[in-house]
Amino acid sequence: MEIDIRPATLEDIPYITTIFRDTIVHVNSKDYSDKQIRVWSSGANDIENWEERIKNTYFIVAEYRETIVGFAYLTKGYYFDGLFVHKDFQHKGIGTNLMRIIESKVISEGFEIIKSDVSITALPFFENQYYDVEKKQVKNIKGMNFENYLVSKEL
Ligand SMILES: CC(C)(COP(=O)(O)OP(=O)(O)OC[C@H]1O[C@@H](n2cnc3c(N)ncnc32)[C@H](O)[C@@H]1OP(=O)(O)O)[C@@H](O)C(=O)NCCC(=O)NCCS
């Protein structure tokens, strides 16, 4: 599968937010309650937040035949803050591809460790990519608690 990876632009926001919402609703919904899914996916509507992320983080998108099928972003040079793959393009290697580029960026920034907060859904994927669980934690999104895991990997 021929995947191109490039930096995100502000014009990508409608595609990025659609993937964010649909992936949470269709993929993460197996591990979180309906109410949690509603609150979490509503983050797709915070357009200013997405603009700020694209402008101020290392934000990349994966394209298949010029359609965005996944995205990832890195903050502070070492914190892997988001990784989402289109619900219809799961298990095709796109997540691994995005992760490799993010990890290369961390190395090029001079860091030797990458950290992330990962969902219950994504934990097996991160563990298979040699990330270690530092702790199980509760993250608050818009006043609602979400169980997730702080993970890290030495690069
Ligand atoms: C976690 C996530 C990003 C992984 O993305 P993905 O593109 O499906 O990841 P990959 O395809 O690279 O790898 C997934 C699995 O598919 C397998 N795979 C990869 N290419 C494959 C192929 N061509 N055929 C069959 N299986 C394949 C991988 O071996 C991997 O197996 P593993 O999870 O047991 O290690 C994706 O499932 C997702 O968007 N999850 C919901 C959002 C989320 O929770 N994000 C985490 C941050 S909160």
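In these legends, a residue is called buried when its relative accessible area is under 20%, exposed when that area is over 50%, and partly exposed in between, as computed with a 1.4 Å probe on protein chains only. The model is predicted, so local features need pLDDT of at least 70 and side-chain atom pairs count only at pLDDT 80 or more, whereas totals for chains, interfaces and linings use all residues. Residues are numbered from 1 along each chain as its sequence is written, and side-chain values use heavy atoms, with hydrogens and water left out.

View A. Helices (H or I, at least four residues) and strands (E, at least two) are DSSP runs, numbered from the N terminus.

**View B. Helix α2 (residues 34-41) and its covering elements.** Gln36, Ile37, Val39, Trp40 and Ser41 are the buried residues of α2, and what covers them includes α1, β4, β5, β6 and β7. Valine 39 is 104 residues from glycine 143 in sequence, yet the two are 9.0 Å apart in space, C-alpha to C-alpha. Glycine 143 lies in the loop between β6 and β7, and it counts as exposed because its relative accessibility is 66%.

**View C. Leucine 150 in strand β7.** With a relative accessibility of 15%, leucine 150 counts as buried. Leaving aside neighbours within four places in sequence, leucine 150 is in contact (heavy atoms within 4.5 Å) with Ser116, Asp117, Asp132, Val133, Glu134, Lys135 and Gln137. The C-alpha atoms of leucine 150 and glutamate 63 are separated by 28 Å, the two residues being 87 apart along the chain.
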